[in-house]
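Please read the following note alongside the sequence and the model. The points are numbered so that each can be checked in turn.

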Amino acid sequence: MASLSFDASSSKATAGASTSTWSHTCTGSNLILVVGVSPFDTTLADRTVSGITYNGVALTKIRADEITGATGQRTELWYLLNPATGAHNIVITMGG
């Protein structure tokens, strides 16, 4: 039976930009890369993620949630199966 194991984490905080880029290293085999994004803006309509890439390959959106009744609180999860190994850039592009 296959087991899951945690490889590495990385993060970046960006303010007032339409893109955010940082390097992340994937190692091993049978990988899944999961990226969580939490944009904060008082007008949620213009702060959604329009796309995420890793090494130039597009990730797939799993889900996006807004906290009902809260101003500007949103989370999004995206994934990529079998990402390239080594250090590559994660690029998040925001709408608005």
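1. Two strands are taken to pair if DSSP finds at least two bridges between them, and the elements themselves are DSSP runs numbered from the N terminus, with helices (H or I) of at least four residues and strands (E) of at least two. This is a predicted model, in which local features need pLDDT of at least 70 and side-chain atom pairs count only at pLDDT 80 or more, while totals for chains, interfaces and linings use all residues. Residues are numbered from 1 along each chain as its sequence is written, and side-chain values use heavy atoms, with hydrogens and water left out.

2. Strands 3 and 4 form a hairpin with two residues between them. Asn55, in the loop between these strands, has a positive phi of about 55° although it is not a glycine. Asn55 is partly exposed at 39% relative accessible area, where buried means under 20%, exposed means over 50% and partly exposed lies in between (1.4 Å probe, protein chains only). Another non-glycine residue with a positive phi, of about 50°, is Asn30, which is found in the loop between strand 1 and strand 2 and is exposed, with a relative accessible area of 75%.

3. An open sheet of three strands has the order 2-6-5 with antiparallel pairing. Strand 2 and strand 5 (60-66) stand at its edges, each with a single partner strand, so one side of each has no neighbour in the sheet. From one strand to the next, the twist averages 15°, taken between axes that are lines fitted to C-alpha atoms (for helices over the stretch in contact), with angles running from 0 to 180 degrees between N-to-C directions. Six bridges join strand 5 to strand 6, and Ala64 stands opposite Glu76 of strand 6.

4. Which residues have the most contacts inside the largest nonpolar core? This core has 15 residues, and those with the most contacts inside it are Val35, Val49, Ile52, Tyr54, Leu59, Ile90 and Ile92. Strands 1 (19-26), 2 (32-37), 3, 6 (74-81) and 7 are the elements that give two or more residues to it. A nonpolar core is a set of buried Ala, Val, Leu, Ile, Met, Phe, Trp, Tyr and Cys residues joined through side-chain atoms within 4.5 Å.

5. His24, which lies in strand 1, is buried with a relative accessible area of 8%. The side chain of His24 makes a polar contact with that of Ser10 at 2.8 Å; such a contact is a pair of N or O atoms within 3.5 Å, where within protein one must be able to donate a hydrogen and the other to accept it, and residues adjacent in sequence count only if both atoms are side-chain atoms.

6. A salt bridge is a side-chain nitrogen of Lys or Arg within 4 Å of a carboxyl oxygen of Asp or Glu, and by this rule there are two. In one, Asp65 and Arg63 have their closest N and O atoms 2.7 Å apart; Asp65 is partly exposed at 29%, as is Arg63 at 47%. In the other, Glu76 and Arg74 have their closest N and O atoms 2.9 Å apart, and both residues are buried.
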